[in-house]
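Hi everyone, thanks for coming along.

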Amino acid sequence: MMMPHSTGQQIDPHLEQAPDLRERLSADRHRPCYHFLPPANWMNDPNGVVQWKGRYHLFYQHNPFGPLWATMHWGHAVSDDLVHWIDLPIALEPTPGSPDEDGCFSGCIVINNGVPTIIYTGVRGDAQLPCLATSDDDDLVTWRKDPRNPVIPAPPSLDLVGFRDHSVWQEEGLWHQLIGAGIRDAGGTALLYTSPDLVRWRYRGPIMTGDRDRDKPFWTGTMWECPDLFPLGDRHLLVASIWDDRRVQTLSYAAAFLGTYREGRFTPEHEEILDPGGHFYAPQTMCDATGRRLMWGWLWEGRGPGAIMEAGWSGVMSLPRLLSLRPDGSLGVEPVPELEILRGEASRIGPVDLPTGQLLPLPSLAGDSIEVAIELEVGDAAEVAVMVRTSPGREEETVIRYNRIGRQLLVDSARSSLDTPSDREARAAVLPLGAGETLRLHIFVDRSVIEVFANDVVAIADRVYPTRADSTGVSLVARGEQARLRSATGWTLASIW
Ligand code: DQQ
């Protein structure tokens, strides 16, 4: 809701109250300090991530009226360094009597002949259709919706489960757009359109369709949300958030297909879950001025609506992640190096042997707003584990466990909280180590957010809600055989607000 300002300008009550809201909620022990989140209330997908006039802009799905999903707006923040963000007014809000009167759903931003343009899904009743909005100010604060909205008046004549979310790029003088969808008897898909001007669109067909058969080892759901297609090295990466219209699925995730895109068709050569932690969804990427491919995802809460209502906020953005195609053809993922400016003084430990079964506490690395970089020689140990957010008597702890035999890394939050109603599934990623290769864990703990990066190829995020203020410990253990800690370095990270 926008309110008239005395100067006649529109101001945003959410923005005016932002510093107070942030201040009030900062006392919440579960609220992250260095991950982006709105001043208060609900946030989900990252939208329209773009670098414009040298600044990074992050828009996001937002309910400014409460901490649960409803009445979708586009929130907005800007950053000069990818780390510190400034709240800006809400960019898009539903307009009564228009094609987005029930919500401004996810979308992206492109620069069309020098004009920043949002392509988003306007929601009116059951209709979810592509809409445009443009801005002519350098800060992307004011947006004008196109009177020709919706620019695609109806989905193509296919039996579809859903039709929403947009990835738009320019190719050979034509705008190309992918819209997320599902074909009822087939599976999730991304539908390709082309246009000379972002207004007149021609339907070209599905660029790739998954398989709704649940017995497939890599299940790709019944509908794809938030498709994103972009070049990565000499390949393309197609990302889709896997939606299950029957809600049978218990874990949500985004799938990444590495492959070849040619003449309107995408042929996958390798597929993987982008982050198997079960909390990373609807990611969106952008290419920055230096050519880096940056990605953010929505980290949803692992606690129920009652606790969320009490807290007054929900949803956190992942750290900005840097994607790459590695020399061996695999997908690389790392936190952006810009985050290093948050580091306080470093504490270093190692090298030190880890006899089997003997816990090594690392008190100098403890905290609930920390970064820890650990390098381990796993040797013949069956398992090595790093415990974070550990209470002194280990009543609460979150375990980052590498299973050498199963070649799996997982974040186990089964004992992260003495409170029962939190989300407790173990999450695993495949991580084979080459001969003599060390395990390199890069762990970010930010109160209720745990983000773990391993060997530049795995990222797992989890949400944990320890009940005890002293659940801040960090420790290490090896099992089966001895392992060796080459080094552990830890930093307390400063708040970004
Ligand atoms: N979130 C948006 C949709 C999208 C979903 C609505 C994915 O556009 O499909 O808030 O989380």
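Predicted model: local features only at pLDDT ≥ 70, side-chain atom pairs only at ≥ 80, totals over all residues.

Let's begin with a sheet. It is open, it has four strands in the order E7-E8-E9-E10, and the pairing is antiparallel. Which strands stand at the edges? They are E7, covering 103-112, and E10, covering 144-145. Each of these has a single partner strand, so one of its sides has no neighbour in the sheet.

Now look at E8 and E9. Strand E8 takes in residues 115-124 and strand E9 residues 127-134; the two run antiparallel and are joined by eight bridges.

Strand E23, residues 321-325, runs antiparallel to E24, with five bridges between them. Here Ser324 is the residue facing Gly332 in E24. Five residues lie between the two strands of this hairpin, and Gly329 has a positive phi near 90 degrees. As for E24 itself, residues 331-335, the strand is mostly covered, with four of its five residues buried.

On to the cysteines. A disulfide, as a reminder, is a covalent bond linking the sulfur atoms of two cysteines. How many disulfides does a search of the whole structure find? The count is zero. Take Cys108: it is in no disulfide, and the nearest cysteine sulfur, belonging to Cys226, is 10 Å away. Cys108 counts as buried, because its relative accessibility is 8%.

With a relative accessibility of 1%, Cys131 counts as buried.

Last stop: Thr398, which lies in strand E30, residues 398-403. Is Thr398 buried or exposed? Its relative accessible area is 0%, so Thr398 is buried. What is Thr398 in contact with, once we leave aside neighbours within four places in sequence? Among its contacts are Val386, Met387, Val388 and Arg389, and also Val411, Asp412 and Ser413. Ser416, Ile450 and Val464 are in contact with Thr398 as well.

Methods
Residues numbered from 1 in each chain as written. Heavy atoms only, no water. Buried < 20%, exposed > 50% of the residue type's maximum accessible area, 1.4 Å probe, protein only. Contact = heavy atoms within 4.5 Å. Pairing = 2+ DSSP bridges. Disulfide = S-S within 2.5 Å.
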